[in-house]
Amino acid sequence: MNVGLIFLLGICLYSIPLIELIVILIKEYRKGHKVSFKSLRRFLKYNVIFAVILISGVGILSHTNYLDYEGPMTFDKYDEITFKNFRGLEFFKKSLYGSERFAYVYTSIDYEIQDNFVRIQSLFHPSRSFVYKKNSNSQELLTHEKYHIKITELFVRKAKEKVSELLDIESDKIRSIIRECDLDEQKFQDEYDYETFHSYVLSEQKRYEERVDSLLDLLAEFKKPKIYFNEKN
């Protein structure tokens with residue numbers, strides 16, 4: 001069903017009790033009865049509260065699907081990821097450039113700074129990632145989305161390489177390195193989507209796959225999440 005029609009239907013159903021109450025008050029007024037608007041004000045008050053709660057709930061679920069929650073997955077679980085792990089909800093967007101064949105993956109860079117080590121790792125968030133058709137069998141689309149995860153891992157390894165060059169744990173410098181890598185990652189992610197047209201340009205998709213895999217291999221020594229100081233990797 002069209003999302004606009006769903007909202008229109010919801011508004012109509014939501015308005016029926018209010019309209020009925022207004023009609024009753026008008027009839028009573030025309031009969032010469034004293035009309036109290038307290039019930040109308042009370043009705044409006046509780047309905048506004050209900051509407052705020054409902055809209056907030058939809059917003060929260062659009063951000064993270066807590067109804068079918070699955071925690072973040074680290075890169076070592078990469079091979080296990082399928083579209084079954086894409087648990088996020090999408091209430092509004094139903095097509096991408098007119099096609100229903102689309103998905104969205106959410107990744108992040110997580111880090112922890114301790115006295116003798118720094119942990120930096122990439123995370124895939126299942127409950128914030130979604131695929132329009134849950135039963136999609138498109139291996140090409142899944143591969144495209146999973147390479148977004150690899151790209152995040154690539155820049156995590158770049159960050160660990162730079163951190164490993166520090167002589168000591170310097171929190172401000174480490175945070176600066178991670179912020180810089182995060183910005184570079186987002187730029188790379190956007191270029192990846194643009195050049196491959198979200199997986200539709202097969203030649204560019206293959207080129208990026210080879211490029212990302214090659215760069216990951218070059219940084220294989222930074223595969224482990226922790227960088228130890230006074231005890232390298």
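The face of α5 turned away from its buried side carries the exposed residues S203, E210, D217 and L218; exposed denotes over 50% relative accessible area, buried under 20%, and partly exposed the range in between, with a 1.4 Å probe and protein chains only. The model is predicted, so local features need pLDDT of at least 70 and side-chain atom pairs count only at pLDDT 80 or more, while totals for chains, interfaces and linings use all residues. Residues are numbered from 1 along each chain as its sequence is written, and side-chain values use heavy atoms, leaving out hydrogens and water.

**Overall architecture**
- The chain comprises 5 helices and 6 strands, taken as DSSP runs numbered from the N terminus (helices: H or I, at least four residues; strands: E, at least two).
- Along the sequence, these elements follow the pattern α-α-β-β-β-β-β-α-α-α-β.
- Of the 233 residues in the chain, 36% are buried.
- Among contacts (heavy atoms within 4.5 Å) between residues at least 6 apart in sequence, 74% join residues at least 24 apart.
- The chain exposes about 15,000 Å², of which carbon and sulfur atoms supply 57%; accessible areas come from the Shrake-Rupley method with a 1.4 Å probe, and for residues only the protein chains shown count as cover.

**Helix α5**
- The 17 residues of α5 should span 24 Å at 1.5 Å a residue, which agrees with the 24 Å between its end C-alpha atoms; the expected span is 1.5 Å times one less than the number of residues.
- Its buried residues are E204, Q205, Y208, E209, V212 and L216.

**Nonpolar core**
- The largest nonpolar core has 38 residues, and F86, I120 and V163 have the most contacts inside it; such a core is a set of buried Ala, Val, Leu, Ile, Met, Phe, Trp, Tyr and Cys residues joined through side-chain atoms within 4.5 Å.
- Two or more residues each come from β4 (117–124), α3 (139–164), α4 (171–196) and α5 (202–218).
- Helix α3 gives the largest share, 10 residues.
- Not counting residues up to four places away in sequence, V163 touches V118, I120, I174, I177, I227 and F229.

**Strands β3 and β4**
- Strand β3 (residues 107–113) pairs with β4 in the antiparallel sense over 7 bridges; pairing requires at least two DSSP bridges.
- A hairpin is formed by β3 and β4, with 3 residues between them.
- Q121 in β4 is the bridge partner of D110.
- Q121 is buried, at a relative accessible area of 18%.
- Not counting residues up to four places away in sequence, Q121 touches T74, S108, I109, D110, V156 and P225.
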